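Please brief me on this chain. Start with its overall form, then go through single residues and pairs.

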Amino acid sequence: MKKCNHCGICIRLCPMGSINTNDPSDIIGICIKCHACVKRCPQDAKYFDDEQFISHKLMLERDFARRAEPSFFI
């Protein structure tokens with residue numbers, strides 16, 4: 001995490017309180033992957049590299065790319 005300047009934004013934003021205050025690259029609790037830390041990091045130092053998460057995200061983007069219109073059945 002060379003980009004991190006230890007500003008603490010990610011620590012404050014984490015709804016689970018899972019980011020170590022002394023080392024923001026260390027996740028000490030449960031991460032629900034809400035992306036609060038990723039979206040607001042001014043240094044772009046936070047990211048997810050878990051293969052299962054990435055493949056799940058790609059599947060959701062592929063399968064739910066278009067808006068589904070409501071259907072009525074009579």
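## Briefing on the chain

Contacts in the chain with a separation of 6 or more come 26% from residues 24 or more positions apart; contact means heavy atoms within 4.5 Å. This is a predicted model, in which local features need pLDDT of at least 70, side-chain atom pairs count only at pLDDT 80 or more, and totals for chains, interfaces and linings use all residues. Residues are numbered from 1 along each chain as its sequence is written, and side-chain values use heavy atoms, with hydrogens and water left out.

**Elements and overall form**

- The chain has three helices and zero strands. Helices (H or I, at least four residues) and strands (E, at least two) are DSSP runs, numbered from the N terminus.
- Read from the N terminus, the order of elements is α-α-α.
- The radius of gyration of the chain is 17 Å, whereas a compact globule of 74 residues would be near 11 Å. This radius is taken over C-alpha atoms, and the globule rule is 2.2 Å times the number of residues to the power 0.38.
- The C-alpha trace spans about 60 × 20 × 20 Å along its principal axes.

**Surface and charge**

- Of the 74 residues in the chain, 19% are buried. Buried means under 20% relative accessible area, exposed means over 50%, and partly exposed lies in between (1.4 Å probe, protein chains only).
- The chain carries 11 positive and 9 negative charges, and their mean positions are 6 Å apart. Lys and Arg count as positive, Asp and Glu as negative; His and the chain ends are not counted. Each charge is placed at NZ of Lys, CZ of Arg, CG of Asp or CD of Glu.

**The loop between α1 and α2**

- Ser18 sits in the loop that links α1 (9-13) to α2 (36-40).
- Is Ser18 buried or exposed? Ser18 counts as buried because its relative accessibility is 2%.
- Leaving out residues up to four places away in sequence, Ser18 touches Asp26, Ile27, Ile28, Gly29, Ile30 and Cys31.
- His35 is also placed in the loop between α1 and α2. Its relative accessibility is 19%, so His35 counts as buried.
- His35 is not a glycine, yet it has a positive phi of about 75 degrees.

**The loop between α2 and α3**

- Asp44 belongs to the loop between α2 and α3 (51-63). Asp44 has a relative accessible area of 51%, so it is exposed.
- The phi of Asp44 is positive, at about 55 degrees, although Asp44 is not a glycine.
- Cys41 lies in the loop between α2 and α3. Cys41 counts as buried because its relative accessibility is 15%.

**Cys7 and Arg12**

- Cys7 lies in the segment before α1. Its relative accessible area is 36%, so Cys7 is partly exposed.
- Apart from neighbours within four places in sequence, Cys7 is in contact with Arg12 and Pro42.
- Cys7 and Pro42 are 35 residues apart along the chain, and their C-alpha atoms are separated by 8.9 Å.
- Arg12 lies in helix α1. With a relative accessible area of 62%, Arg12 is exposed.
- Between the C-alpha atoms of Arg12 and Ala45 the separation is 15 Å; the two are 33 residues apart along the chain.

**The aromatic pair**

- The structure holds one aromatic pair.
- Phe48 and Phe53 form this tilted pair, at 5.1 Å centre to centre and 55 degrees between the planes. Rings of Phe, Tyr and Trp (its six-membered ring) pair if their centres lie within 6.5 Å; planes under 30 degrees apart count as stacked, over 60 as edge-to-face and the rest as tilted.
- Phe53 counts as buried because its relative accessibility is 16%.
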